Amino acid sequence: MTSHVTFIGAGNMASAIFGGMIESGYPREAITATARSGERLETLEQQYGLNTTTDNQAAIAQADVVLLAVKPQVMREVCAELRDAVQARKPLILSVAAGLDAATLEDWLGGDLALIRCMPNTPSLVGAGASGLFANDRVDETQRELATRLLEAVGLVEWVEDEALLEAVTAISGSGPAYFFLVFEAMIEAGQQLGLSEESARRLALQTGYGAACMARKSDLTPAELKRNVMSPGGTTEQAIESLEQAGLRQAFSEAMTACARRAREMAKELSQKD
Ligand SMILES: NC(=O)C1=CN([C@@H]2O[C@H](COP(=O)(O)OP(=O)(O)OC[C@H]3O[C@@H](n4cnc5c(N)ncnc54)[C@H](O)[C@@H]3O)[C@@H](O)[C@H]2O)C=CC1
Ligand SMILES: O=C(O)[C@@H]1CCC=N1
């Protein structure tokens with residue numbers, strides 16, 4: 001039987017996930033989404049054909065899975081509102097909120113719940129996401145498989161068995177799309193400085209990033225080996241790579257990702273302590 005999935009909050013991340021589920025054949029009758037404004041409800045009904053309501057409690061009356069997709073700052077208030085309905089039904093809880101740990105969420109919802117924390121990323125919007133998942137002790141194998149199936153509808157799924165590793169997942173894939181967008185920005189600017197139009201530089205930079213990612217995914221070679229294959233001895237790439245290494249690119253990534261993981265830890269503390 002198809003599990004009924006209810007999304008609490010229907011913003012960017014939620015619509016990426018239910019959009020992907022529908023595209024991969026998940027029956028829309030088995031999906032409910034809540035929103036705060038009637039206008040948003042209308043869009044959800046017309047664009048996706050979902051069951052919708054502004055009533056978060058009523059929305060989970062039939063839910064087998066409740067996917068929490070509101071901002072971390074409003075999660076406590078939303079959990080308080082859902083608590084009684086969740087305790088009455090005990091659905092699988094899936095949270096995509098950054099920096100809110102499983103124990104805090106379970107506690108806010110009244111305890112004794114199977115709960116999966118997920119760190120997705122925005123390329124989920126185009127079906128090319130990467131999500132890290134962590135399950136608490138109450139989650140069984142069938143529930144893990146179900147969560148994998150739901151998130152695989154929008155990209156790759158990687159399970160971690162230690163919740164602290166979700167900080168590393170945030171640093172590599174949760175925030176990671178922004179690093180690549182920065183690299184694209186920098187390459188486009190440099191291409192313009194070398195005389196290309198902005199449009200040509202943009203097209204070439206984006207296709208190159210896309211091509212490199214496709215190639216690295218398909219190839220048996222490591223990124224280091226693929227890089228060496230582009231570098232003819234005494235040629236042009238050698239000059240560029242030497243310049244990037246001398247500028248401290250590796251160190252910059254190490255520091256950036258350490259800062260990102262640290263912030264995820266701090267956010268978890270701030271959010272769980274907030275009254
Ligand atoms: N944007 C990103 O790159 C990532 C976001 N996340 C997480 O995803 C979650 C959602 O983020 P976005 O979709 O980007 O935000 P968003 O702002 O697009 O969506 C949140 C939605 O929740 C709705 N909402 C607020 N209070 C509500 C309530 N009481 N009841 C029902 N709906 C309510 C808002 O109207 C909004 O549509 C956050 O917890 C965030 O940490 C996780 C990974 C990456
Ligand atoms: O920047 C943030 O806090 C969120 C979490 C991962 C991506 N965006």
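Author: A definition to begin with: helices (H or I, at least four residues) and strands (E, at least two) are DSSP runs, numbered from the N terminus.

Reader: OK. What kind of model is this?
Author: The model is predicted; local features need pLDDT of at least 70, side-chain atom pairs count only at pLDDT 80 or more, and totals for chains, interfaces and linings use all residues. Residues are numbered from 1 along each chain as its sequence is written, while chains are lettered from A and ligands numbered from 1 in the order in which they are written.

Reader: How many helices and strands does the chain have?
Author: Twelve helices and eight strands. The C-alpha trace spans about 70 × 40 × 35 Å along its principal axes.

Reader: Which residues of α6 are buried?
Author: Gln 143, Ala 147, Leu 150 and Leu 151. Buried means that 20 or more other C-beta atoms lie within 10 Å of the residue's own; exposed means 12 or fewer, and partly exposed is in between, with C-beta atoms placed from the backbone.

Reader: Where do those buried residues sit on α6?
Author: Seen down the axis of α6, they fall within an arc of 90°, so they line one face of the helix. The arc is that of the directions from the helix axis to the C-beta atoms. An α-helix has 3.6 residues a turn, so residues three or four places apart point the same way.

Reader: And what is on the other side of α6?
Author: Glu 141, Thr 142 and Glu 145 are exposed there.

Reader: What do the buried residues of α6 pack against?
Author: Several elements, including β1 (5-8), α1 and β8 (155-159). Contact here means that the C-beta atoms of two residues, placed from the backbone, lie within 7 Å.

Reader: New topic. Which residues come nearest to ligand 1?
Author: Gly 9, Gly 11, Met 13, Ala 97 and Ala 98, out of 25 residues around ligand 1. A residue is near if its C-beta atom, placed from the backbone, lies within 6 Å of the molecule.

Reader: Which helices supply at least two residues of that shell around ligand 1?
Author: α1 (12-23) and α4 (72-89).

Reader: What about ligand 2? Which residues are around ligand 2?
Author: Ala 98, Thr 170, Gly 174 and Ser 175.

Reader: Where does UniProt place a binding site?
Author: An unreviewed entry places one at ten positions, among them Ile 8, Asn 12 and Val 70. They are spread over 65 residues of sequence but cluster in space, with a largest C-alpha distance of 14.0 Å. UniProt positions are in the numbering used here, feature names are shortened, and annotations may be inferred rather than shown by experiment.

Reader: Is Asn 12 buried or exposed?
Author: Exposed, because Asn 12 has 12 C-beta neighbours inside 10 Å. Asn 12 is in helix α1.

Reader: And is Val 70 buried or exposed?
Author: Buried, because Val 70 has 23 C-beta neighbours inside 10 Å. Val 70 is in the loop between β4 (65-68) and α4.
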